[in-house]
Each structure stands twice: as structure tokens, then as C-alpha cells.
Amino acid sequence: MNSIRILIAFLFPFLPLIADAANETVGLDGLLVSKSWSQALPAVAKNGVAYLTIENNSTRQDKLISASSPIAERVEIHSHQHVDGVMKMRKVEHVDLAQDTTTIFEPGGLHVMLIGLKEPLKKDLIFPVSLIFMHASEQVTYVTVR
Ligand SMILES: [Cu+2]
């Protein structure tokens with residue numbers, strides 16, 4: 001069954017059916033990526049943002065070190081910080097994922113920055129984002145636009 005899903009996902013990367021099946025992915029190393037979503041944006045938008053949740057139930061601390069997606073030219077990991085009373089986005093080199101913790105990427109906090117969108121973020125679109133960790137193997141999460 002899994003190999004069929006992977007084959008279909010390969011042939012139709014934006015097919016909603018597959019995303020439903022794969023919305024929660026657990027790596028062999030115990031990292032659970034879930035609740036991946038993005039905000040719909042006008043077609044003129046050049047950049048978008050994705051949010052997700054990472055649970056580290058593995059036996060060691062880990063780090064998210066990078067991300068990529070076919071929907072954007074470049075993907076960065078960002079945080080929001082108050083600088084002189086103004087919220088500013090800042091690129092972070094990695095996100096620490098301590099053992100037995102849940103890290104939530106959410107509006108006003110950590111987010112996956114999609115720079116140079118190749119396709120508009122229309123409601124109900126689903127696109128893959130690959131997450132690269134220091135220890136755990138790479139994981140693909142399917143982001144739903146809402
Ligand atoms: Cu950002």
C-alpha cells in the first residue's frame with residue numbers, strides 16, 4: 001500500500017487524496033510531523049508561509065536544519081522577533097528539537113518561508129515540503145492551503 005501511495009504521489013504530487021493519507025508522517029527515528037498548513041494568498045503573492053508541528057519522541061535531541069519544496073524557488077526557516085516594538089522575520093540556521101518536546105510552527109512564531117512561489121497558494125491546494133534533520137531521516141510533509 002505504501003509503495004502505491006509513493007508511486008501515485010510521484011505521478012501526481014498535488015493530489016489531495018495522497019496528502020490526506022500522508023498528512024501525518026512518522027520517521028523511523030521517531031519524529032512526527034503533523035498539522036501542516038498554509039494560508040491562501042492572492043495569485044500575485046511572491047512568497048508564502050507554511051506552518052507545521054514536529055514532535056520529537058525519539059531517544060535523542062535533533063535539529064531541523066533545512067527545508068525545500070517544489071512550490072518555491074527557495075525555502076528558509078524563519079522566526080518572528082520583536083525588534084523595537086516591531087515584529088520582524090528572521091532566518092534561523094536550525095531549530096532545536098529537544099527529546100520529548102513538541103515544536104509548533106505557527107503565525108507570529110516559527111514558520112517555513114516559501115520564497116519565490118511557482119504556483120499560487122489557492123485554497124485546498126496541497127504541496128509537499130521536505131524537512132531535513134540532523135539525525136532523523138528526511139521527511140516529506142504535505143501542506144494544505146486553507
Ligand atoms: Cu518569514
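**The copper site and its surroundings**

Modeller: His78 is buried, with a relative accessible area of 7%; buried means under 20% relative accessible area, exposed means over 50%, and partly exposed lies in between, with a 1.4 Å probe and protein chains only. The model is predicted, so local features need pLDDT of at least 70 and side-chain atom pairs count only at pLDDT 80 or more, whereas totals for chains, interfaces and linings use all residues. Residues are numbered from 1 along each chain as its sequence is written, and side-chain values use heavy atoms, leaving out hydrogens and water.

His78 is one of the residues that coordinate the copper ion: the ion is held by His78 (ND1), Met89 (SD), His111 (NE2) and Met113 (SD), at 2.1 to 2.3 Å. Donors are N, O and S atoms within 2.8 Å of the metal (3.2 Å for Na, K and Ca), and sites may look incomplete because water is not among the atoms. For comparison, the ideal angle for four tetrahedral donors is 109.5 degrees. Along the chain, the donors of the copper ion follow the spacing H-x10-M-x21-H-x1-M. His78, in strand β5 (residues 72-83), and Met113, in strand β9 (residues 111-117), link distant parts of the chain, being 35 residues apart. Strands (E, at least two residues) and helices (H or I, at least four) are DSSP runs numbered from the N terminus.

Next, consider Ile71, which is placed in the loop between β4 (62-68) and β5. Its relative accessibility is 1%, so Ile71 counts as buried. Leaving aside residues up to four places away in sequence, Ile71 touches Leu114, Gly116, Leu117, Lys118, Glu119, Leu121, Leu125 and Phe127, where contact means heavy atoms within 4.5 Å. The C-alpha atoms of Ile71 and Ile115 are 9.1 Å apart, although 44 residues separate them along the chain.

The wider protein gives this site its setting. It has two helices and 11 strands, and read along the sequence the pattern is α-α-β-β-β-β-β-β-β-β-β-β-β. Of its 146 residues, 43% count as buried. Among contacts in the protein with a separation of 6 or more, 66% join residues 24 or more positions apart.

Most residues other than glycine have a negative phi. Lys35 has a positive phi of about 50° although it is not a glycine. Lys35 is found in strand β2, and is exposed, with a relative accessible area of 58%. Asp100, also not a glycine, has a positive phi of about 60°. Asp100 is placed in the loop between β7 (95-97) and β8 (101-104); at 58% relative accessibility, this residue counts as exposed.
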